[in-house]
Amino acid sequence: MNDKLVFLGLLYFVQGIPYGLQSSLLPVYLRGAGHSLTRIGLTKILYFPWVLKVLWAPLVDRVGTKRLWLVATVSGLALTCLSSAALSPEAHIWGVAGTLLAMNALASVQDIAVDGAAVGLLKGRSELGLGNTAQVVGYKAGSVFAGGGLLAVIDVAGWGPMFMLLAFVYFGVALFVWGAPVLDDELLRGQAEGRRGVQSDAVHPWRVWRKLLSVPGTPWTMIYVLTYKLGEQGAVTMFPLFLLDNHMTARELGFWNGVIAMGFSICGSSLGGLLLSQFSIGSLMRRVFVMRTVSMVFQSSLLTVLEPSPLMKVMAVLSLSVQHFLGGLITTLTFTTMMHCTQRAEESVQATHYSFLSTLEVLGKLMFSALAGGLVDWVGYPTAFLLFLVLSAGTALHVWRATDTGALREQLKEQPK
């Protein structure tokens, strides 16, 4: 079991690196180089391959082996990093954008392959729980490594050496996967053969969509996953840049936002699984969403303090930590809600149903993240954060109503077994 956890944790770790580069390192680097918040916000469009993931998932499932896909994608990420090392964001902004887009495309394909590997490797409830913990912690640790650790590297050594370091990391992981004994049984080949039996729906895709939308709770869940992160995502994206403009250096921000705050996010995600064994998901969601709204009120109040001071830095770090902790907790609850909804679908469309919901979840976050920078440039930080707060409060109301009369009512009454 330990071999499986190391294998999965390492793959999810390297999968989280592109996200950390774009969510934490790149905005700070570009802002320090004088780019506008609008341009920085539009870099979120580079995440778009994750939205299209559901389109090429059948290819990964039915062609080749999981080992082959994993080695190919991780090696591709290493080669992309080598290309990025030869570029400069100041002189080759479009070239850098192209390499980051390629990294997201390769990482999204790797995600399909490693998820398929996890389904084949993990057996029983205990292994599934530990495997999902490895997924969340590994991915976020990769994001912390890229967003915090590499920000310190780039501050000392520069852009090129940083990507050379990443290339060596990816090549090492590719060699590890090539010789990994946990894949020797190739239990994963049977998954592709099992899915070939449902190709009649592929000839009539509208039948699949009809089945997806008819699953109980799906319409509510679709709206929820598209909107639950809007206010939080705007604040998480823009508040560090506000601190960079007024209170902190890039190195300080890389440590506090890229390492410490993300550490709190990992703790929140891990705590979510423990709390679900003690409380119903409905009652947890009601409380946590209200707490998130309160934390955003506190964070928004800090925008009125423009003069740098030790107290302001302490309050800012506290705000970042609480926001990331609650965000990690909400993410665990959300993916559990999505899985609960998918379990009501027919077995032949469950994988497609879950991929559909996860694609909407990514789309909702990217859509608003790409616009947040332009909104701040247009109306300023205070007004933009007021909108973020309204959106967060609206999501809390959406969840509260669902636990009273809607899709989460049964889950509010459920007691963990």
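**View 1. Buried residues of helix α8 in the predicted model.** Trp 159, Gly 160, Met 162, Phe 163, Leu 166, Ala 167, Tyr 170, Val 173, Ala 174 and Val 177 of α8 are buried. The arc they cover around the axis is only 150°, so they sit on the same side of α8. Phe 168 and Leu 175, on the other side of α8, are exposed.

**View 2. Helix α8 from end to end.** Helix α8 runs over residues 159-178, 20 residues in total. At 1.5 Å a residue, α8 should span 28 Å, and the end C-alpha atoms are 29 Å apart, so the two values agree.

**View 3. Spans recorded as transmembrane region.** An unreviewed UniProt entry places this feature at residues 40-56, 68-87, 160-180, 255-276, 318-339, 351-372 and 378-400. Two of these spans are described here. Residues 68-87 are 90% helix and 0% strand, and the end C-alpha atoms of residues 68-87 lie 29 Å apart. For residues 378-400, the figures are 96% helix and 0% strand, with 32 Å between the end C-alpha atoms.

**View 4. Packing of helices α15 and α16.** Helix α15 comprises residues 281-301 and helix α16 comprises residues 310-342. The two helices pack at an angle of about 155°, and their axes are 10 Å apart. Because angles over 145 degrees count as roughly antiparallel, α15 is roughly antiparallel to α16. The crossing of α15 and α16 is left-handed.

Technical notes: Residues are numbered from 1 along each chain as its sequence is written. This is a predicted model: local features need pLDDT of at least 70, side-chain atom pairs count only at pLDDT 80 or more; totals for chains, interfaces and linings use all residues. Side-chain values use heavy atoms; hydrogens and water are left out. Helices (H or I, at least four residues) and strands (E, at least two) are DSSP runs, numbered from the N terminus. The expected span of a helix is 1.5 Å times one less than its number of residues. Buried means under 20% relative accessible area, exposed over 50%, partly exposed in between (1.4 Å probe, protein chains only). The arc is that of the directions from the helix axis to the C-beta atoms. UniProt positions are given in the numbering used here, feature names are shortened, and annotations may be inferred rather than shown by experiment. Axes are lines fitted to C-alpha atoms, for helices over the stretch in contact, and angles run from 0 to 180 degrees between N-to-C directions. Angles under 35 degrees count as roughly parallel, over 145 as roughly antiparallel, 65 to 115 as roughly perpendicular and the rest as oblique. A crossing is left-handed if the near helix is turned anticlockwise from the far one by less than a right angle, and right-handed if clockwise.
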